Amino acid sequence: MSMELEATCPDCGEQTFYRAASTTLHLGEKVKWHCPSCDYGFVQINGIDSSAV
Ligand SMILES: [Zn+2]
């Protein structure tokens, strides 16, 4: 499982996110990704972006 993710930060333009936390749920794996250059972060469930968590 990768600890880095290629994604562009909408706040600062950083292009590599780091895994901040992961949790296994009944519907799959929930992963929090964090931008190392600012406080922006987002959540994926089974690799799909989710803002509903
Ligand atoms: Zn950023």
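1. The side chain of R19 comes to 3.0 Å from the backbone oxygen of S2. That is a polar contact (a pair of N or O atoms within 3.5 Å; within protein, one must be able to donate a hydrogen and the other to accept it, and residues adjacent in sequence count only if both atoms are side-chain atoms). R19 is buried, because its relative accessible area is 15%. The classes are: buried under 20% relative accessible area, exposed over 50%, partly exposed in between (1.4 Å probe, protein chains only).

2. A word on the source. This is a predicted model, in which local features need pLDDT of at least 70, side-chain atom pairs count only at pLDDT 80 or more, and totals for chains, interfaces and linings use all residues. Residues are numbered from 1 along each chain as its sequence is written, and side-chain values use heavy atoms, with hydrogens and water left out.

3. Now the fold. The protein chain has zero helices and five strands. Along the sequence the pattern reads β-β-β-β-β. Helices (H or I, at least four residues) and strands (E, at least two) are DSSP runs, numbered from the N terminus.

4. Which strand holds R19? R19 lies in strand β2. Strand β2 spans residues 16-25 and pairs with strand β1, residues 4-6, in the antiparallel sense over three bridges. Two strands pair if DSSP finds at least two bridges between them. E4 stands opposite Y18 in β2.

5. Strand β2 also pairs with strand β3 (residues 28-34). This pairing is antiparallel too, over seven bridges. R19 stands opposite W33 in β3. How many residues lie between β2 and β3 in their hairpin? There are two.

6. Next, the aromatics. The whole structure holds three aromatic pairs. One of them joins F17 and Y40, edge-to-face, at 6.1 Å centre to centre and 80° between the planes. This pair links distant parts of the chain: F17 sits in strand β2, and Y40 in the loop between β3 and β4 (41-45), 23 residues apart. For the cut-offs, rings of Phe, Tyr and Trp (its six-membered ring) pair if their centres lie within 6.5 Å; planes under 30 degrees apart count as stacked, over 60 as edge-to-face and the rest as tilted.

7. F17 is buried, because its relative accessibility is 0%. Y40 is partly exposed, at a relative accessible area of 27%. The ring planes of Y40 and F42 meet at 40°, with centres 6.4 Å apart, so this pair is tilted. F42 counts as buried, at 17% relative accessibility. F17, Y40 and F42 form one aromatic cluster.

8. What about the cysteines? The structure holds zero disulfides, a disulfide being a pair of cysteine sulfur atoms within 2.5 Å. Is C35 buried or exposed? C35 is buried, because its relative accessible area is 0%. C12 is partly exposed, at 39%.

9. Finally, the overall dimensions. Along the principal axes, the C-alpha atoms fill a box of roughly 35 × 25 × 15 Å. Of the 53 residues, 21% count as buried.
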